[in-house]
Amino acid sequence: MVQKYQSPVRVYKHPFELVMAAYERRFPTCHLIPMFVNSDVVNEETSEDGSTHRIERRCALDVDAPRLLKRIAGVDYVYFIQKNTLNRKERTLHIESHNETFSNRVVVHETCCYSVHPENEGWTCFEQTASLDIKSFFGFESTVEKIAMKQYASSINKGKEIIEFYLRELENEGVTHVPRWTCSSICPALPAPNSLSATPPELQHTSTPAVSASQTADTKDGASQDAKQDSGAPQADSLLEILAGTPEDKLDADYIKRYLGDLTPLQESCLIRLRKWLQETHKGKIPKDEHILRFLRARDFNMDKAREILCQSLTWRKQHQVDYLLETWNPPQVLQDYYTGGWHHHDRDGRPLYILRLGHMDTKGLVRALGEESLLRHVLSINEEGLRRCEENTKVFGRPISCWTCLVDLEGLNMRHLWRPGVKALLRIIEVVEANYPETLGRLLILRAPRVFPVLWTLVSPFIDENTRKKFLIYAGNDYQGPGGLVDYIDKEIIPDFLGGECMCEVPEGGLVPKSMYRTPEELENEDVRLWTETIYQSASIFKGAPHELVIEIIDAASVITWDFDVCKGDIVFNIYHSKRAPQPPRKDPLGTHGITSPGVNNVQLIDKSWTLGQDYSMVESPLTCKEGESVQGSHITRWPGFYILQWKFHNMPACSATNLPRVDDVLATLQVSSHKCKVMFYTEVLGSEDFRTACCDVQSLGSMTSLESSHSGFSQLSAATTSSNHSQSSSMISSHGHEEVYSYQILLCRHQMISMLC
């Protein structure tokens with residue numbers, strides 16, 4: 001497996017020339033890098049005007065590895081080749097290094113770049129990427145990889161210290177300025193070539209035999225001056241310095257420390273790489289860095305696992321329009337009167353504090369009066385508000401705050417709270433919150449737990465993530481009032497009055513919901529559809545041998561059929577057919593006709609098995625293969641009136657594409673195989689030819705044109721297995737990222753905006 005590293009942009013608040021002078025002082029020898037034994041110049045050349053200097057070095061490293069491993073490998077030193085290209089005119093230094101020793105067994109490659117800060121010419125930026133691929137190493141591949149990654153991470157931090165050490169040394173010598181190169185300069189104002197040494201030492205410092213050489217140097221160079229960042233409230237100047245720094249698609253190391261917290265180099269790398277992947281594949285607004293980081297933490301920075309659950313959550317947010325929840329959700333009056341929860345100041349760590357008087361809440365009454373969906377939506381609005389408050393508190397307290405504290409008062413909890421539908425609703429809410437708001441709960445304080453609480457805890461705890469359960473603190477009776485109790489986590493001045501404090505709390509006291517407010521199941525079902533499933537998208541299941549088909553009747557030629565769908569599960573093939581005659585009435589859910597229940601399955605087949613392709617119907621677009629997790633948008637300009645059939649079909653692998661089984665039998669034969677079921681979430685619309693031409697004219701006048709071909713991306717990557725294939729090719733054109741982002745929003749807003757987008 002190839003291990004990769006991507007650094008954030010590290011900023012030195014010193015001119016490029018001064019940083020170069022500090023960088024070159026590390027070589028040919030450096031007492032700060034004991035493992036760096038020696039380096040020999042292999043090749044060196046300078047351009048006629050002196051603006052460009054290239055040097056290639058062979059560096060020897062005494063790798064810190066177990067003696068047994070060295071004896072088995074049969075080497076004392078590991079050698080790396082480093083090539084430096086210094087462009088004094090452009091003010092850049094490009095460094096590339098790779099291992100020479102064991103190059104047929106281990107491949108280490110690293111590139112680094114020093115450049116002038118894009119917003120401030122007096123500052124210097126440093127970026128670094130590296131990769132480690134251990135093909136074979138005498139049966140010690142796993143050990144070598146662990147040693148390499150551990151040493152590489154430590155050397156990245158040490159690189160910062162080395163550059164800062166030599167910058168201070170220069171300052172002590174009175175060197176605070178190095179002139180820039182000019183055309184008249186014959187020799188640059190930098191140390192002699194022999195002191196311009198390779199970066200590998202430091203980088204090498206990091207890895208195993210093969211990894212250490214190249215990795216150490218540049219990593220260290222990359223060190224930024226994060227340490228100078230104050231942990232208190234941010235100054236306006238420092239805030240501007242952080243935000244004005246780097247291009248929008250890159251993360252600054254100072255920004256990470258100020259707004260996201262102290263991350264290890266490898267954690268920073270995971271964040272940057274996942275963020276970059278989203279920028280390349282995600283159509284629409286990129287999730288905030290804090291949001292991405294929560295999913296990484298939830299999976300211990302396993303990038304593939306974090307990407308899977310993050311993309312599942314993005315699909316869920318898109319389907320239910322959660323991004324607009326705070327603006328669109330108005331809690332019913334019964335919630336405002338009887339839901340005993342609310343926000344209340346913050347805890348000692350600056351985290352927003354949410355108080356829930358669960359013992360005073362009539363869960364049965366709320367479920368009977370509102371239904372599960374309304375309660376779920378209200379809880380989601382609370383979580384969305386929590387994310388907003390975390391951002392505000394981060395600015396107020398001058399340190400990263402990414403989670404909140406929840407205080408649950410169980411006084412009054414009894415057996416009526418164990419009402420089965422109420423517990424079911426609670427478990428569903430926990431499941432949704434766990435999946436879409438990971439690492440948002442910093443601490444849960446459970447107070448005045450009664451005797452019935454262990455029963456409820458036994459029911460609920462299996463559905464709560466283990467890391468989350470570790471954040472629970474449970475107090476029985478009045479134990480919370482003693483040492484180690486509430487005052488350790490909440491300032492005495494803001495302890496609510498109902499817990500013996502002096503602060504008035506505006507959380508409703510609750511009580512029994514009047515039965516006159518209860519609604520029948522039919523009323524609740526209708527209300528649920530209106531509240532929760534109010535979405536322009538439909539979902540469909542596709543089985544092997546049983547595609548899902550949708551018919552669209554076109555009266556006027558030159559109309560435009562548009563579509564937007566997400567492949568939520570499995571791989572599918574998307575086709576568009578035309579027929580002059582109407583297809584047969586839809587045959588829904590063929591599985592049910594064979595006595596197999598399939599609740600919630602939406603599967604419609606329109607093309608009769610007796611129809612012949614090319615005679616009864618024809619294909620008007622080339623088949624488009626879509627991988628699991630991809631989001632596809634596009635359109636088709638119709639040439640003839642008639643019936644157009646959009647088909648989502650199970651994607652057969654080449655080896656098993658041919659089968660003699662009839663459709664239903666094929667489904668029955670493969671029903672037990674979960675891999676033979678796919679799911680899509682889709683939306684379609686037809687634009688009349690007049691609307692289309694008018695919209696085109698309007699958009700052309702604005703200079704905004706985009707392709708009408710399908711755009712096809714890994715917006716909702718759902719599994720680690722498919723991430724490696726998210727760059728699968730499509731026969732359709734890919735529209736520009738800017739238009740794709742607008743498309744995602746406009747399709748949710750109004751028809752007129754969508755017409756403009758399509759044109």
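How many helices and strands are there in the protein? There are 23 helices and 25 strands, where helices (H or I, at least four residues) and strands (E, at least two) are DSSP runs, numbered from the N terminus. This is a predicted model, in which local features need pLDDT of at least 70 and side-chain atom pairs count only at pLDDT 80 or more, while totals for chains, interfaces and linings use all residues. Residues are numbered from 1 along each chain as its sequence is written, and side-chain values use heavy atoms, with hydrogens and water left out.

**Overall burial and contacts**

- Of the 759 residues of the protein, 52% count as buried, a term that means under 20% relative accessible area, with exposed meaning over 50% and partly exposed in between (1.4 Å probe, protein chains only).
- The protein exposes about 34700 Å², of which carbon and sulfur atoms supply 51%; accessible areas come from the Shrake-Rupley method with a 1.4 Å probe, and for residues only the protein chains shown count as cover.
- Among contacts (heavy atoms within 4.5 Å) between residues at least 6 apart in sequence, 77% join residues at least 24 apart.

- Not counting residues up to four places away in sequence, Leu-410 touches Leu-358, Gly-359, Ile-446, Leu-447, Arg-448, Ala-449, Pro-450 and Phe-453.

- Asn-383 lies in helix 14 and is buried, with a relative accessible area of 7%; leaving aside neighbours within four places in sequence, Asn-383 is in contact with Trp-404, Val-433, Tyr-437 and Thr-440.
- Tyr-475 has its place in strand 13 (residues 472-476) and is likewise buried, at a relative accessible area of 11%.

- Helix 7 (residues 253-260) is mostly covered, with seven of its eight residues buried, namely Ala-253, Asp-254, Tyr-255, Ile-256, Arg-258, Tyr-259 and Leu-260.
- At the start of helix 7, a side-chain oxygen of Asp-252 reaches to within 2.7 Å of the backbone nitrogen of Asp-254, and just after the helix Gly-261 takes a positive phi of about 105°.
- Glu-549 is found in strand 15 (residues 548-554) and is buried, with a relative accessible area of 2%.
- A polar contact of 2.8 Å joins the side chains of Glu-549 and Gln-647; such a contact is a pair of N or O atoms within 3.5 Å, where within protein one must be able to donate a hydrogen and the other to accept it, and residues adjacent in sequence count only if both atoms are side-chain atoms.
- A polar atom of the Glu-549 side chain also lies 2.4 Å from the backbone nitrogen of Leu-606.

**Aromatic rings**

- The count comes to 18 aromatic pairs, on the rule that rings of Phe, Tyr and Trp (its six-membered ring) pair if their centres lie within 6.5 Å, with planes under 30 degrees apart counted as stacked, over 60 as edge-to-face and the rest as tilted.
- The rings of Phe-565 and Phe-574 have their centres 5.0 Å apart and their planes at 45°, so the pair is tilted; Phe-565 is buried at 0% relative accessible area, and Phe-574 counts as buried at 3%.
- The rings of Tyr-577 and Tyr-617 have their centres 5.1 Å apart and their planes at 75°, so this pair is edge-to-face.
- Tyr-577 lies in strand 17 (residues 572-579) and Tyr-617 in the loop between strand 19 (604-605) and strand 20 (618-619), so the pair ties together parts that are 40 residues apart in sequence.
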